[in-house]
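Biologist: I want to learn how to read a predicted model. Please take me through it feature by feature.

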Amino acid sequence: MKKIHFSILLVLGLLAGTQSFAQLAIDKGTKFINLGIGVGGYSSAGGIAFGASADFGVAPNITVGGQAAYRSFSYLGNADKISYLYFAARGSYHFNQILNLSTDKADLYAGIGLGYESVSYSNSYGAGFSTFGSGIFVPIHLGGRYFFSEKVGGFAELGTGIAPLLLGVTFKL
């Protein structure tokens with residue numbers, strides 16, 4: 001774990017120490033759409049999550065948007081099924097300018113949101129009920145995008161939403 005933390009700090013330090021040539025500008029009117037899968041789970045959460053999010057620039061280095069995701073999996077030998085449906089509004093700050101990123105292909109950001117997660121449970125006896133705490137929560141995220149072309153790239157986000165790690169494709173509109 002210490003190696004991971006050290007690697008992250010080293011990469012951020014190298015990025016911050018580079019000269020600025022061209023940066024991916026995040027400003028009013030910037031739009032990103034992300035489609036991805038969530039891997040990993042919290043406590044007993046299994047399966048793969050599927051999700052989408054959108055970020056809209058409202059000011060220099062600031063975006064707001066929303067996210068929706070779904071995860072479902074069988075539990076206890078396929079007799080029980082748990083499903084998560086997740087919706088959140090979110091805001092992000094983009095660190096490209098502060099870190100003096102020397103590329104217009106990368107975007108590093110972090111943010112916070114306000115969401116609702118609906119959790120449903122069904123079992124082999126035909127009864128369905130919520131048991132795992134549906135409700136309002138405050139998700140946080142730390143992410144990055146890398147553009148392979150002017151409009152298409154990949155993204156990765158660590159956070160407290162539907163999964164600890166989201167990976168997928170991002171589109172700049």
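**Salt bridges and a surface patch**

Modeller: Start here: D55, R90, D107, R145 and E157 are linked in a network of salt bridges. A salt bridge is a side-chain nitrogen of Lys or Arg within 4 Å of a carboxyl oxygen of Asp or Glu. This is a predicted model: local features need pLDDT of at least 70, side-chain atom pairs need 80 or more, and totals for chains, interfaces and linings use all residues. Residues are numbered from 1 along each chain as its sequence is written, and side-chain values use heavy atoms, without hydrogens or water.

Biologist: How many salt bridges does a search of the whole structure find?

Modeller: Four. Take D55 and R145: their closest N and O atoms are 2.7 Å apart. This pair links distant parts of the chain, with D55 in strand 2 (residues 49–59) and R145 in strand 8 (residues 140–147), 90 residues apart. Strands are DSSP runs of E, at least two residues, numbered from the N terminus.

Biologist: Are D55 and R145 buried or exposed?

Modeller: Buried means under 20% relative accessible area, exposed over 50%, and partly exposed in between (1.4 Å probe, protein chains only). Both D55 and R145 are buried.

Biologist: What about E157 and R90?

Modeller: Their side chains form a salt bridge at 2.8 Å, N to O. E157 is in strand 9 (residues 152–159) and R90 in strand 4 (residues 80–94), so the pair ties together parts 67 residues apart in sequence. Both E157 and R90 are buried.

Biologist: Now the surface. Which residues form a nonpolar patch?

Modeller: A patch takes residues with over 30% relative accessible area and no salt bridge; nonpolar side chains (Val, Leu, Ile, Met, Phe, Trp, Tyr) are joined within 5 Å, like charges within 9 Å. Here I112, L114, Y116, I136, V138 and I140 form one, with about 620 Å² of accessible area together. Areas use the Shrake-Rupley method with a 1.4 Å probe; for residues, only the protein chains shown count as cover. Strand 5 (residues 106–122) gives the most, three residues. Y116 is in strand 5 and is partly exposed, at 41% relative accessible area.

Biologist: Where does pLDDT stay under 50?

Modeller: pLDDT is the predictor's confidence in each residue, from 0 to 100. It stays under 50 over residues 3–21. The protein averages 82, and 76% of the residues score at least 70.

Technical notes
Helices (H or I, at least four residues) and strands (E, at least two) are DSSP runs, numbered from the N terminus. Contact means heavy atoms within 4.5 Å.
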